[in-house]
Amino acid sequence: MKITVTDKHLLDSDANILIVRFFKNQDLSNCRLNDLLGGQLSNYIFPKEEFTGEYGQTYLLTTNGKLNADKVLLIGLGEKSEFTFDKLRQAVAKAVQKCDTMKNNKKVAIRIFEDFDLLKEAQIIAEDAIIGTYDFDKYKSKKNESPTEELIISTPARIDEVEKAVRKGEIIANSTSFTRDLINEPSAVITPETLAEKAKAIEGIDVTVYDENQIKEMGLNAYYAVGKGSINPPRLIYMKYLGQNPKKKIALIGKGLTFDSGGMDLKPPSSMLNMKDDMSGAACVMSVMKALAQLKPEIEVHAVVAACENMISGKAYKPGDVLIAKNGKTIEVDNTDAEGRLTLADALCFAEELEPDAIIDIATLTGACMVALGSVASGIMGTNPEMTKEIIKSGEENGEKFWELPLFEEYMDNLKSDIADMKNTGSRYGGASAAGVFLKNFVKNKNWAHLDIAGTAHIDKPQYDTLKKGATGVGVRTILGWLLK
Ligand code: BES
Ligand code: MN
Ligand code: ZN
């Protein structure tokens, strides 16, 4: 979808479909649309309650030649006093999705208003129009025959700034699409090797890839152990974005299990079904890097992905094995299915050596987090309460929900090992926090946040009107929002 910006009024546009937003019981006395339609809104549609501007309502009307456009799609935003940008996101996504199902929707136009924050509204419209109509139809013989070709955003003022805000929204949304594509691809296509190729192909990002021998030489033994059962060898992907006059140096880490069978502690079939998605954290940080290269903020960001596959074979690591992580700590393997934390442990040690100001890791780490928060919110844990709050806030501002879970030291009690410094799993209960405190053993940095997206990276039914089934691209907008501040 091409997105253009104009200062021409919506009603003078040459679009086929106009998307017009209404608040509940909005005054129609000065409504040019209503006048042009010969009072159709004030005399018929509103009084008969076909459409009242209630939040979530949509109403499609045919203009019968009274306007340039063939159709007008009314969208309801609810009470003006109860407006939130999240409502706008969902209304925009829903509207553009609806246009996508109609023939003759080559050009769709929407107007932004100065009621709230003009620039924020502009960015959101661009963002959620793209996010809302994302489709992974690569492997379908029958594709959507009528995708919207152009979205025209009409603004009453500040066109240059609006144009910038729209481009920013477009970059961010296209990055989430990149994430979703990577996740939706089967694991036969996205292996550690091809994931590394995808990283190398990101323009403006410096990428170094380490192979299995280098991973072993560097002492990343916990990570190496997880990957050794697969015929697809591991690849450590290290990406660098160096902005001008960087004020901060940040490290990002994404869990990159291109497939998680559970290993010798094999998963049952229903749990294994979506495990191609176990590289969602990796896909997220790769997309963040892709967006940074285009947005060019004044920061330095280092991203690390310890990509591998957790498989069973004669070469696979086994329960009872003792692994020595890069920082020298020893881990007894209690369960080979708790592999993500083993790969992240070494990735965290690797990141620590870069001496960043802060570290964020993002991972589809625990089923326990999914049990706790469902697909509605992602879990967050961190060592700096301020930073944790900032990330949660960035999530709120960017249409993604995060909820803090504790990192109490007591969770380590369950991870006591008789023969090593720790085990990789313990009790079934409090699993998300147990994984969090496990990771904390490999972090020295005072500013560390751990995001558990096990429940949110992939959804099996549509959510918030903005997200279709499948990969969501969660994390990209929140992390980018935080980095850009
Ligand atoms: N990749 C899974 C976590 C997961 C579960 C992601 C469901 C998405 C949806 C992770 O590697 C895993 O298997 N975790 C185990 C840990 C357990 C063995 C302590 C889990 O949560 O069941
Ligand atoms: Mn697992
Ligand atoms: Zn996993």
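1. K2 stands opposite E150 in β6. The strands β1 (residues 2-6) and β6 (residues 150-154) pair in the parallel sense, over five bridges. Strands here are DSSP runs of E with at least two residues, and helices are runs of H or I with at least four, numbered from the N terminus; two strands pair if DSSP finds at least two bridges between them.

2. This is a predicted model, in which local features need pLDDT of at least 70 and side-chain atom pairs count only at pLDDT 80 or more, while totals for chains, interfaces and linings use all residues. Residues are numbered from 1 along each chain as its sequence is written, chains are lettered from A and ligands numbered from 1 in the order in which they are written, and side-chain values use heavy atoms, with hydrogens and water left out.

3. The side chains of β1 alternate. Buried means under 20% relative accessible area, exposed over 50%, and partly exposed in between (1.4 Å probe, protein chains only).

4. An open sheet of three strands has the order β11-β12-β16, with mixed pairing. β11 (322-324) and β16 (422-423) are at the edges with a single partner strand each, so one side of each has no neighbour in the sheet. β11 runs antiparallel to β12 (residues 330-332), joined by three bridges; L323 has I331 in β12 as its bridge partner.

5. The zinc ion (ligand 3) is coordinated by K255 (NZ), D260 (OD), D278 (OD) and E339 (OE) at 2.0 to 2.4 Å. Donors are N, O and S atoms within 2.8 Å of the metal (3.2 Å for Na, K and Ca); water is not among the atoms, so sites may look incomplete. Along the chain, the donors follow the spacing K-x4-D-x17-D-x60-E.

6. Six donor atoms surround this zinc ion, and their angles of 77 to 172° make the arrangement octahedral. Six donors count as octahedral if opposite donors are over 155 degrees apart and all others between 65 and 115.

7. D260 also bridges the zinc ion (ligand 3) to the manganese ion (ligand 2), with the two ions 3.2 Å apart. D260 counts as buried because its relative accessibility is 3%; K255 is buried too, at 2%.

8. L266 is in the loop between β9 (249-260) and α9 (269-272). L266 counts as partly exposed because its relative accessibility is 45%.

Conventions
Tetrahedral: all angles 85-135°; square planar, octahedral: opposite > 155°, others 65-115°.
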